[in-house]
Amino acid sequence: MAAQPRFRNDAVAEPDQEPIRDDPQVADGKHPVDETLPPLKMFTSGLQHVAAMYAGVVAPPMIVGPAVGLTPKETAFLMGASLFTAGIATLLQTLGFWRIGARLPFVNGVSFAGVTPMIAIGKDRGHDGIAVIFGAIIVAGLLGFVLAPYFCKLVRFFPPVVTGTVITLIGVSLLPVAFNWSQGGNATADGYGSTTNISMAALTLVIVLALRKLLRGFLQQIAILLGLVAGTLIAIPVGITDFGAIKDADLVGFPTPFHFGAPQFEVAAIVSMCIVMLVCMTESTADMLALGKIVGRPADERTIEGGLRADTLGSAVSPLFNGFMCSAFAQNIGLVAMTKVRSRFVVAAGGGILVVLGLVPVGASVIALVPLPVLGGAGIVLFGSVAASGIQTLAGAALEKGENALIVATAVGIGLIPIAAPEFYHAFPKDLLVVLDSGISTGCVVAIVLNLAFNHLGRKPEPVAEEASATEVAAPVGAH
């Protein structure tokens, strides 16, 4: 029987696709993905994955905590919980059980995509705000788990023109956070926007860029982390470092279940986080396709289904331990490609390290020592990199064909409304504002609807010969 033609938006590999057999590293029937390494190399390689993702895991709780009104100590607790739940989600992906887990060297952590909607949900509501956020994440995670077997068959409706738009909006939506940090983080505080604060942010940015340029290998991968350390040390004599959070922190501890109270369920918040879950599932699918190609084990529908189940189950369980929604970290895919270490057990070791770090509150408190202006300088690079990744994805979205450019223009324009005109929707019902005030959510919905209208309804997709799926080519960053 002749092979069926592949279509432009068909991002899922054929389920019966034969595994690569000409890989010289495949020996005795064991693929490099399933190999175990010597303990020391396993640990150091796993630690490298942790270093590459560390800043991305702790940044979302550092943003959300102060926004909802948590104290520095509570924010530090939230960061430790995020490390712990990221470790659990990573172990689910790499080791897996039943039909849960991609069983690839696939790192999971807190998604950046949920930051803006979570701030809109919980802003200035304290523990109640966190409880509502956790309730919405639980429902979204369970819904995603149920949808996983079906979602992996619908990936062709989420081509790069959609994913690239959403990822770009994630980065652009978070940049104002970095600018606010650079000024001091609290507009009512003395010294907000002072030359001292902005100079520290600028110095940290220069340090990160210089380290990225001058360092190589592992040290280059952790340039942002090193820049945060250097900026914090410089900030101590300047007098903008607060040691309050570390004074009361315990040496060891466990993320107490529902530390901020029982989850609360509000319809508008649930709708907003369900949209974020669909965004995360789209990103994770694209990342699994890219990673499968890199490690020589193509991701078929069953692999994608297992990976999405691990993502969504990890997200549903995270609020139990005070964690947020989990999704793929694409920077670790780049690390796999660079180091050529393809063992999933290496990444599982990294997941174990994350769990241990989450059980050491004093470690999370040390992170809270980083002054906001220092974090703002590094955040410009961190969040800008997310936007750049989205732009890179759009570069492979065939914007010159059909109405793809119009789709991107409209979705980005509407997605930027909450940033450019924060009071634009002020007359709308409060429940709708939870969704409308998130440019990521509105931009995603617009991109999906317009892509369906222009590229699917009323026309047949054109077969593409000898061409990799567009989603396989461009793997976006997970909103970390």
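A: A definition comes first: a crossing is right-handed if the near helix is turned clockwise from the far one by less than a right angle, and left-handed if anticlockwise. In this predicted model, H8 passes H15 in a right-handed crossing.

Q: At what angle do H8 and H15 pack, and how far apart are their axes?

A: Angles over 145 degrees count as roughly antiparallel. Helix H15 covers residues 372-395, and its packing angle with H8 is about 160°, the axes lying 9 Å apart. H8 is therefore roughly antiparallel to H15.

Q: Is Gly379 buried or exposed?

A: Buried means under 20% relative accessible area. Gly379, a residue of helix H15, has a relative accessible area of 3% and is therefore buried. From Gly379 to Leu228 the C-alpha distance is 9.8 Å, although 151 residues separate the two in sequence.

Q: Which residues form a nonpolar patch on the surface?

A: The patch consists of Val229, Leu233, Ile236 and Phe243, which together have about 360 Å² of accessible area. Phe243 is located in the loop between helix H8 (223-238) and helix H9 (244-247). With a relative accessible area of 37%, Phe243 is partly exposed.

Q: How many residues of helix H3 are buried?

A: Helix H3 (residues 115-122) is mostly covered, seven of its eight residues being buried. Among them are Pro117, Met118 and Ile119. After H3 comes Asp124, with a positive phi near 60°.

Q: With which other residue does Asp34 form a salt bridge?

A: Asp34 also pairs with Arg344, the closest N and O atoms being 2.8 Å apart. Here the partners are 310 residues apart, Arg344 lying in helix H13 (residues 344-358). Arg344 counts as buried, at 12% relative accessibility, whereas Asp34 is partly exposed at 21%.

Q: Which parts does the salt bridge of Glu305 and Arg99 tie together?

A: Glu305 and Arg99 meet at 3.6 Å, N to O. Glu305 lies in helix H11 and Arg99 in the loop between helix H2 (72-94) and strand E1 (108-110), so the pair ties together parts 206 residues apart in sequence. Elsewhere, salt bridges with shared partners join Asp34, Arg297 and Arg344 into one network.

Key. Residues numbered from 1 in each chain as written. Predicted model: local features only at pLDDT ≥ 70, side-chain atom pairs only at ≥ 80, totals over all residues. Heavy atoms only, no water. Patch = residues over 30% accessible without salt bridge, like charges linked within 9 Å, V, L, I, M, F, W, Y side chains within 5 Å. Areas by Shrake-Rupley, 256 points an atom, 1.4 Å probe, with all protein chains shown as cover. Salt bridge = Lys/Arg side-chain N within 4 Å of Asp/Glu carboxyl O. Helix = DSSP H or I, 4+ residues; strand = E, 2+ residues; numbered from the N terminus. Buried < 20%, exposed > 50% of the residue type's maximum accessible area, 1.4 Å probe, protein only. Axes fitted to C-alpha atoms, helices over the stretch in contact; angles between N-to-C directions. Parallel < 35°, antiparallel > 145°, perpendicular 65-115°, else oblique.
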